[in-house]
Amino acid sequence: MMKEHFTYRTGHPLLEELKKYIYAHRGYHDKPQVPENSLAAFRRAAERGWGTEFDVHLLKDGNLVVFHDSDLFRCTGAEGTLEDLTLSEAKELRLEGTQERIPTFDEVLSVCRNTPMIIELKAFGKNHKALAEAVCRRLDSVKTLFCLESFDPRAMAAVRKFRPDFVRGQLASDFTKTPTEELAPWLGKFLSDLRLDFLSRPDFIAYKYEDRMREAVQKTIQRGVQEVSWTIAGKKDLERCLALGSIPIFERFDPEV
């Protein structure tokens, strides 16, 4: 039975199903041949029966695409911001020097139709509500196991409003160790200590694995909230993560070797 507390919700029945898998971070990529968040990377993960984690953005024409950064340069070499593009403009770009294109959300859902997904909402500016609504509407007809997460608690609060039965999670890391220009120091500390989670009352926290010993994280886990760990970089950490009962998101190694 699900129980909603002031800050979290526990007992979502689908969490036990999600825990049966490990998840390839941005697909099972193998750079430079197989770029991150590409259909090739998602196919490689699906062929192995692994779950997949990926990132969804809302374009200016209302279409949804899968890509990590809002800034286009790192993964495409192009100047500009992804959210300023239409779908046809986004499809003209190539990923990391390959012939792979930026995939649509629909294309990724088709590739991952038989394996579970951890879907990160990449809010930009003030589009958190529109992004959450568009993703939720598209997922209404999806039968595949999935959950939603975001660094932006406003996006997850919108998911809580639009689709309260969806499994939702709050992404975070210790921003006090690695401050960013985008976050004021006080906001970085609030997010690091999960102090805004009351907005979305998530079913799980997805915390950076290296930062998981932060006091706020440990207290949250002790309350029975599910932990997701990113990004696991080796077999030993993967085994420890699983032993702790956390859901692992891994990258850049073969878990079966």
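**Aromatic pairs and nonpolar cores**

F253 is buried, its relative accessible area being 14%. This value, like the others here, comes from a predicted model. F250 is also buried, with a relative accessible area of 1%. The rings of F250 and F253 form an edge-to-face pair, 5.7 Å centre to centre and with 65 degrees between the planes. The angle counts as edge-to-face because the cut-off for that class is over 60 degrees. Both residues belong to one aromatic cluster, together with Y28 and W50.

The count of aromatic pairs comes to eleven. One of them joins F146 and F166, again edge-to-face, at 5.1 Å centre to centre and 90 degrees between the planes. F146 lies in strand β7 (residues 146-150), whereas F166 is in the loop between α7 (153-162) and β8 (168-172), so the pair ties together parts that are 20 residues apart in sequence. F146 is buried at a relative accessible area of 9%, and F166 is buried at 14%.

A ring also takes part in a contact of another kind: the charged end of R195 sits over the ring of F190, 4.0 Å from its centre.

The next topic is the nonpolar core. The largest one has 30 residues, and within it F105, L139 and L148 touch the most other members. At least two residues of this core come from each of α2 (39-47), β4 (51-58), β5 (64-66), α5 (105-111), β6 (117-121), α6 (128-139), β7 and α7. The largest contribution is that of α6, which gives six residues.

What does L139 touch, leaving aside residues up to four places away in sequence? Its contacts are F105, L109, I119, F146, L148 and F166.

Helix α6 itself has twelve residues. From its first C-alpha to its last it reaches 16 Å, close to the 16 Å expected at 1.5 Å a residue. Its buried residues are H128, L131, A132, A134, V135, C136 and L139. These buried residues pack against the strands β4, β5, β6 and β7 and against the helices α5 and α7.

Conventions:
Residues are numbered from 1 along each chain as its sequence is written. This is a predicted model: local features need pLDDT of at least 70, side-chain atom pairs count only at pLDDT 80 or more; totals for chains, interfaces and linings use all residues. Side-chain values use heavy atoms; hydrogens and water are left out. Rings of Phe, Tyr and Trp (its six-membered ring) pair if their centres lie within 6.5 Å; planes under 30 degrees apart count as stacked, over 60 as edge-to-face and the rest as tilted. Helices (H or I, at least four residues) and strands (E, at least two) are DSSP runs, numbered from the N terminus. Buried means under 20% relative accessible area, exposed over 50%, partly exposed in between (1.4 Å probe, protein chains only). A charge sits over a ring if NZ of Lys or CZ of Arg is within 6 Å of the ring centre and within 35 degrees of the ring normal. A nonpolar core is a set of buried Ala, Val, Leu, Ile, Met, Phe, Trp, Tyr and Cys residues joined through side-chain atoms within 4.5 Å. Contact means heavy atoms within 4.5 Å. The expected span of a helix is 1.5 Å times one less than its number of residues.
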